[in-house]
Each structure stands twice: as structure tokens, then as C-alpha cells.
Protein chains: 2
Amino acid sequence: MSSTNALDVLIQALRRLPGVGVKSAQRMAFHLLQHDRPGALALSRALEEAVGSVHHCTLCHTFTEAEVCGTCLDPERDATRLCVVETPADQSALERTGAFKGLYFVLMGRLSPLDGIGPKEIGLQKLMERATNGVVQEVILATNFNAEGEATAHVISEALKSRGLHVTRLARGVPVGSELEYVDLGTIAHALVDRR
Amino acid sequence: MSSTNALDVLIQALRRLPGVGVKSAQRMAFHLLQHDRPGALALSRALEEAVGSVHHCTLCHTFTEAEVCGTCLDPERDATRLCVVETPADQSALERTGAFKGLYFVLMGRLSPLDGIGPKEIGLQKLMERATNGVVQEVILATNFNAEGEATAHVISEALKSRGLHVTRLARGVPVGSELEYVDLGTIAHALVDRR
Ligand SMILES: [Zn+2]
Ligand SMILES: [Zn+2]
């Protein structure tokens with residue numbers, strides 16, 4: 001893009017962001033340096049601050065700046081139900097529904113053997129300890145409904161059931177507000193199987 | 001996404017990047033904190049370094065860490081031809097063709113009255129001074145071939161011609177390697193008008 005080294009270094013650094021190719025990185029660098037230098041400095045500080053202060057909750061593995069996250073510490077939550085999600089964003093989506101008052105375990109990923117992400121990386125052993133603490137009565141698997149999410153749910157389900165735990169999975173079905181005509185066939189088939 | 005303040009600040013800071021919505025920002029923050037903390041720190045440092053050291057070339061306005069950029073200082077370049085481009089990325093694309101050996105003037109944008117980008121913001125006065133330095137014999141307008149780029153070229157062209165300068169524009173035409181069947185009609189029409 002240019003003869004300046006600092007700019008090339010910035011473009012290369014931006015390319016480490018997921019989904020950012022060389023064109024996007026150039027556009028981002030141009031925008032920040034030409035139109036939003038305060039934004040560039042704010043992002044610089046936010047990155048340094050987050051890396052320094054954001055860790056994993058020792059109980060549920062989500063991101064937190066404390067030893068244990070606010071959700072895990074909340075005495076109002078129902079500690080007998082444990083919901084397993086892939087990411088903090090998924091946890092956040094569930095929280096926004098207001099339909100779940102239990103606790104969480106955040107895998108911070110999903111099983112993906114080809115990427116070297118196995119049971120250890122998603123904290124399966126830790127989840128087992130958590131689920132068998134004598135308080136948890138039901139583990140709800142809320143991993144994504146794609147191939148890797150389903151495989152992850154299957155492995156966790158088998159492990160937990162072998163310890164005699166009650167394991168459930170979010171229902172598959174037709175999204176609220178959908179017209180059947182436009183819903184994919186696999187979803188309709190699952191909605192039939194899981195009919196109430 | 002979470003209960004941590006540093007993470008929320010990071011997500012908001014990432015959203016200032018062009019083309020990054022809240023979902024992308026969450027995904028970027030998750031990726032950096034979960035899988036690439038060295039990448040996050042590298043990006044933090046690259047942003048700070050670039051803001052501190054990257055300025056505009058006093059002659060051509062492109063990004064440079066020196067007072068005058070390497071291209072402007074290069075005695076091998078043909079100073080009688082001045083090519084006007086919108087961005088350093090456009091300049092870089094032209095350089096890669098190896099077909100132009102003259103000098104550049106980088107507008108660092110294009111005229112866009114609705115966004116408050118007028119003649120002053122694209123450095124029109126500076127370009128006039130540069131083009132009338134007694135050395136430049138031809139100004140080649142290489143702004144983009146969309147509405148704003150064409151309007152920018154028109155305004156610059158009128159201003160330069162009123163000073164008696166020789167002004168040219170990149171040819172519009174059928175992209176090399178294209179099959180006519182798949183080229184849009186406007187392009188074909190222009191290629192007819194500009195036929196050699
Ligand atoms: Zn927690
Ligand atoms: Zn220059």
C-alpha cells in the first residue's frame with residue numbers, strides 16, 4: 001500500500017483479525033489514519049487493557065475480569081440447572097431471552113479435531129467436575145446446530161450420561177415467525193421429529 | 001457479550017473499524033482473547049506506532065514516515081507527469097502495473113459534499129500549486145470510475161484546464177480477459193466511445 005514501514009506493520013497486524021483480508025486491512029488502516037486517529041488510539045488501549053485484565057471465570061470459563069464472574073456469583077440463579085454454550089456471545093443471546101435462570105458452562109469453542117481442538121481444549125474434564133458437584137440436576141446442551149456443534153453436544157452428552165446425569169438439548173424446530181414454505185427441509189424434518 | 005467492562009470497551013473500539021458491526025466485533029474480540037493474545041498486543045502496538053509516526057508527504061499527500069515520501073524523492077521518476085489518485089491503495093495498484101514512471105498526487109479521498117468532503121479536504125489548492133510548478137506537463141486523472149470519482153475528476157479537470165494544463169483521464173473500456181457477453185453495458189458503451 002505504501003512505502004511506510006509502520007503502515008505495513010499495521011496492515012499485517014489488522015490481517016490477524018478473523019475475516020480480514022489484505023483489502024479490508026488496507027481500508028481499515030487508511031480509515032483510521034486518515035479519518036479516525038483517536039479511534040486508532042482507543043483501539044490500541046482497549047486491546048492492551050483487555051489482554052491485561054480479561055481472564056476466564058474459574059467456575060464457568062467465560063471471560064471475566066474477576067476470579068469468578070458475576071453470573072456465577074449471583075445467588076438468585078438456579079444452581080440446579082447448567083447450560084453448556086460454545087461462546088460468551090451464545091451465552092449473551094440466551095441471557096437476552098430471559099428464559100433461563102440457571103448457570104452456565106462456556107466451552108470457549110467446540111470440538112474440532114482437525115483444528116486440534118479436543119476434549120481438553122473445551123474443558124470437558126472441568127465440565128464433568130462442575131456437573132457432578134451434587135447440586136446440578138440437569139445439564140442443557142446449547143451448542144450450535146451445525147455439524148461441529150452437534151458432534152460436541154454428542155460427546156458431552158455421552159460423557160455426562162455415563163455419570164448418570166440428566167442431559168437435555170435445546171429443541172430443534174421452525175423459527176418463530178417463519179413461513180414453512182421458506183424454512184429448509186432439514187429443519188422441518190427435525191421439527192416433525194421433536195413435535196410436542 | 002459479557003459482564004466484563006474491558007471486553008465491552010474492546011468490542012466498541014473494534015466497531016470503529018469500517019465494515020465491522022457488532023457481531024464481527026464480538027467475533028474479533030473473542031478470537032483475539034481466546035486464540036491470539038500476542039496478535040492483540042501486536043495490533044495494539046502497531047496502531048500506536050502508526051498514529052505516532054505516519055504523516056502525509058508534503059509533496060504528494062500520501063502516507064509517509066518522512067517529510068517527503070520515497071516516490072517523490074526518487075530521481076528516476078518522470079517529474080513531467082503527475083498522476084492523481086484517490087488513495088495510497090490506488091497508487092499502489094498503479095505502481096504494480098509498472099506502466100507509470102511519473103509522480104503522484106494522492107487526494108486521500110474524493111469529493112463527497114454530503115460527507116463534508118469538499119475541494120479543501122482533497123487538497124485541490126495544493127494540487128494546483130504542484131501542477132503549475134513549471135515542471136509538470138501532463139496531469140493524468142486516475143480517480144475511480146464511479147459517480148464520486150467521476151465528479152472529482154471533473155472538478156479537478158476544469159480547475160487545471162483553466163490554468164492551461166494538459167489533463168488526461170485513464171481510458172474506460174473492457175477489462176483485459178473479459179468476454180463481452182459478461183461485461184456490463186455501460187462499460188461496453190464507454191469502450192465504443194473511447195475506441196482507439
Ligand atoms: Zn462464571
Ligand atoms: Zn510524496
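**Charges, buried sites and domains**

Arg110(B) has a relative accessible area of 27% and is therefore partly exposed, a class that lies between buried (under 20% relative accessible area) and exposed (over 50%), with a 1.4 Å probe and protein chains only. The model is predicted, so that local features need pLDDT of at least 70 and side-chain atom pairs count only at pLDDT 80 or more, while totals for chains, interfaces and linings use all residues. Residues are numbered from 1 along each chain as its sequence is written, chains are lettered from A and ligands numbered from 1 in the order in which they are written, and side-chain values use heavy atoms, with hydrogens and water left out.

The partner of Arg110(B) is Glu148(B), with which Arg110(B) forms a salt bridge at 3.5 Å from N to O; the term stands for a side-chain nitrogen of Lys or Arg within 4 Å of a carboxyl oxygen of Asp or Glu. This pair links distant parts of the chain, since Arg110(B) sits in the loop between β4 (102-106) and α6 (124-131) of chain B, whereas Glu148(B) belongs to helix α7 (residues 147-161) of chain B, 38 residues apart. Helices (H or I, at least four residues) and strands (E, at least two) are DSSP runs, numbered from the N terminus. Glu148(B), at 32% relative accessibility, also counts as partly exposed.

In chain A, salt bridges that share partners join Asp78(A), Arg81(A) and Glu138(A) into one network. In chain B, Asp78(B) forms a salt bridge with Arg81(B), with 3.5 Å between the closest N and O atoms, and here Asp78(B) has 28% relative accessibility and Arg81(B) 30%. Over all chains, the count comes to 16 salt bridges.

Which residues form the negative surface patch? Asp8, Glu48, Glu49 and Glu65 of chain A form the patch together with Asp8(B), Glu48(B), Glu49(B) and Glu65(B). The elements that give two or more residues to this patch are α3 (37-53) of chain A and α3 (37-53) of chain B. A patch of this kind joins like charges within 9 Å, or nonpolar side chains (Val, Leu, Ile, Met, Phe, Trp, Tyr) within 5 Å, among residues with over 30% relative accessible area and no salt bridge. Glu48(A), in helix α3 of chain A, is partly exposed at 49% relative accessibility.

Turning to the backbone, His61(A) has a positive phi near 75° although His61(A) is a residue other than glycine. His61(A) lies in the loop between β1 (55-56) and β2 (63-64) of chain A and is buried, with a relative accessible area of 18%. Met108(B), likewise not a glycine, has a positive phi of about 55°; Met108(B) is found in the loop between β4 and α6 of chain B, and at 5% relative accessibility Met108(B) counts as buried.

Another buried residue is Cys72(A), at 14% relative accessibility, which is placed in helix α4 (residues 70-73) of chain A. Between the C-alpha atoms of Cys72(A) and Thr58(A), which are 14 residues apart along the chain, the separation is 9.5 Å.

As for the overall layout of chain A, its domain assignment gives domain 1 (6-53) and domain 2 (77-169), with bounds that come from an automatic or database domain assignment. The centres of domain 1 of chain A and domain 2 of chain A, taken over C-alpha atoms, are separated by 34 Å.

Note on methods. Accessible areas come from the Shrake-Rupley method with a 1.4 Å probe; for residues, only the protein chains shown count as cover. Lys and Arg count as positive and Asp and Glu as negative; His and the chain ends are not counted. The place of a charge is taken as NZ of Lys, CZ of Arg, CG of Asp or CD of Glu.
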